Amino acid sequence: MTSEDEVRRHWAQLRYERALELEEQGLISEAIGELRAAVELNPLDAEALNVLGYLLGQQGKPDEALQTFRRAMAVDNKHLGACINLGMALADRREYNEALTWLRRARRILPELALVHREIAAVHRNRWELKKAVKSWQRALELERRINPKTRRAVLVPDGTIDAYRLAMRFFASAVARGAVVRNFTEVIEIDSTQGEVQGVRVRQIRTGLEQRYACRAIVNAAGPWADKVAALAQQDVPVTPAAGTMVAVEGRLTNMVVSRLRRPGDGDIIVPQRRLSIIGSTQRKVDDPDGLRPLGEEISFLLSSADELIPDFSKQPFRSAWTAARPLAGRSSEEGREISRDISVIDHGKTGKLKGLFTILGGKATTLRIMGELVSDQVAQYLDVDEPCRTALFELYPYDYYWRLS
Ligand SMILES: Cc1cc2nc3c(=O)[nH]c(=O)nc-3n(C[C@H](O)[C@H](O)[C@H](O)COP(=O)(O)OP(=O)(O)OC[C@H]3O[C@@H](n4cnc5c(N)ncnc54)[C@H](O)[C@@H]3O)c2cc1C
């Protein structure tokens, strides 16, 4: 490959990435423009062709979409996405024979993908080949054998699980590798400030009672549902609503994937397999204090019966545990919790409460934690006159057990 080819491929990749950003912002026509430019620069990019075909289909241009999927398969005949999309586009036009050819090829590429079995079943059903349709549908159910056989429809979505404990350890390990000092089981008990600027913190080790003081110019208050209590140490106001949620774990991995109820987010609508357990979650109720939370009897009964609707006999598995923790919802509300926004909020107390150097990060979800880190780090860096953007998005975290190896 010549260096000119490399440059073209590089530009094609940049335009492809730009197209994805535009698509995320809902700017579909602009995204299509970038993708057209990308595939002109690199006509062998099957992924760019596939995304282009998909967006053209969304824009009501089925003929052009179909041709684009064909081009994608011509340059890479093992491209799973293009293969499925081509099959589905043909099925939409009732060209069932050719649709089945491509969908079966997709099934050979990734036999465990339930979506493909479902689409093959749909083609057979549309051709009134009901025996074949049921067979394919059964194959989809085989991937999750325990889900309720009365399920009328299933949709495969790219969901995943996080091990909450190990996730935190991975951040600690990565921070320690970069020179941070982690103080677990240590409580901030005072925030020192003079003349409206942060000067340091006083902390107490929970186990030993030992108190120490650390000097610093900036503090990030990331105390979740306790954020208001930490802010109060510096006479600052942080509006937070602790919303308690309960989960129940039983022994055994009852599903391969996360299984969730197809409806508006609500209580008891998700089963998560984790290590050797299956967890049903969760509930939500507003509480005054995030400390000392206990699961309520009625929450446990409700969760177990909700789990039985998704996976029959879930509640007959050996009971492992039930626990309750508080979500830190940003803002104050009289609602019961679900209606309060999960938006991320960064408070610069230099601007809101006349205390420079104190920042509070609040709200969000576990899945948004890195963007939360980025938002607050960039503000702290600006305050400290550091002219470097946060790079967390580019950094692969260390394995969780490195924390002990490095500490
Ligand atoms: C039941 C439940 C289900 C959830 N399900 C999901 C889900 O499916 N998907 C998802 O993305 N998110 C989920 N979340 C939300 C997610 O877990 C929260 O967004 C996240 O825990 C909040 O993170 P945080 O770091 O802001 O606060 P926390 O995780 O609460 O951390 C705050 C930390 O501050 C410490 N602290 C408090 N006071 C002090 C002090 N004085 N000094 C030092 N440290 C202090 C606490 O000990 C704690 O470790 C769920 C949360 C709950 C409770």
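1. In strand β10 (319–330), Ser321 is the bridge partner of Ala249, and this contact belongs to an antiparallel pairing of β5 and β10 over eleven bridges. Helices (H or I, at least four residues) and strands (E, at least two) are DSSP runs, numbered from the N terminus, and two strands pair if DSSP finds at least two bridges between them.

2. This is a predicted model, in which local features need pLDDT of at least 70 and side-chain atom pairs count only at pLDDT 80 or more, while totals for chains, interfaces and linings use all residues. Residues are numbered from 1 along each chain as its sequence is written.

3. Ala249 also stands opposite Ile279 in β8, a strand of residues 277–281 that pairs with β5 in the antiparallel sense over five bridges. Two further antiparallel bridges join β5 to β9, residues 285–286, where Lys286 stands opposite Ala243.

4. Nine of the twelve residues of β5 are buried, a term that requires 20 or more other C-beta atoms, placed from the backbone, within 10 Å of the residue's own.

5. The ligand is surrounded by 20 residues, the closest being Gly224, Trp226, Gly245, Lys365 and Ala366; a residue counts here if its C-beta atom, placed from the backbone, lies within 6 Å. The elements giving two or more residues to this shell are β1, β5 and β10, and β10 gives the most, with four.

6. The chain averages a pLDDT (the predictor's confidence in each residue, from 0 to 100) of 91, and 95% of the residues score at least 70. Among its elements, helix α8 (residues 130–143) has the lowest mean, 76. Where pLDDT is low, the predicted coordinates should not be read in detail.
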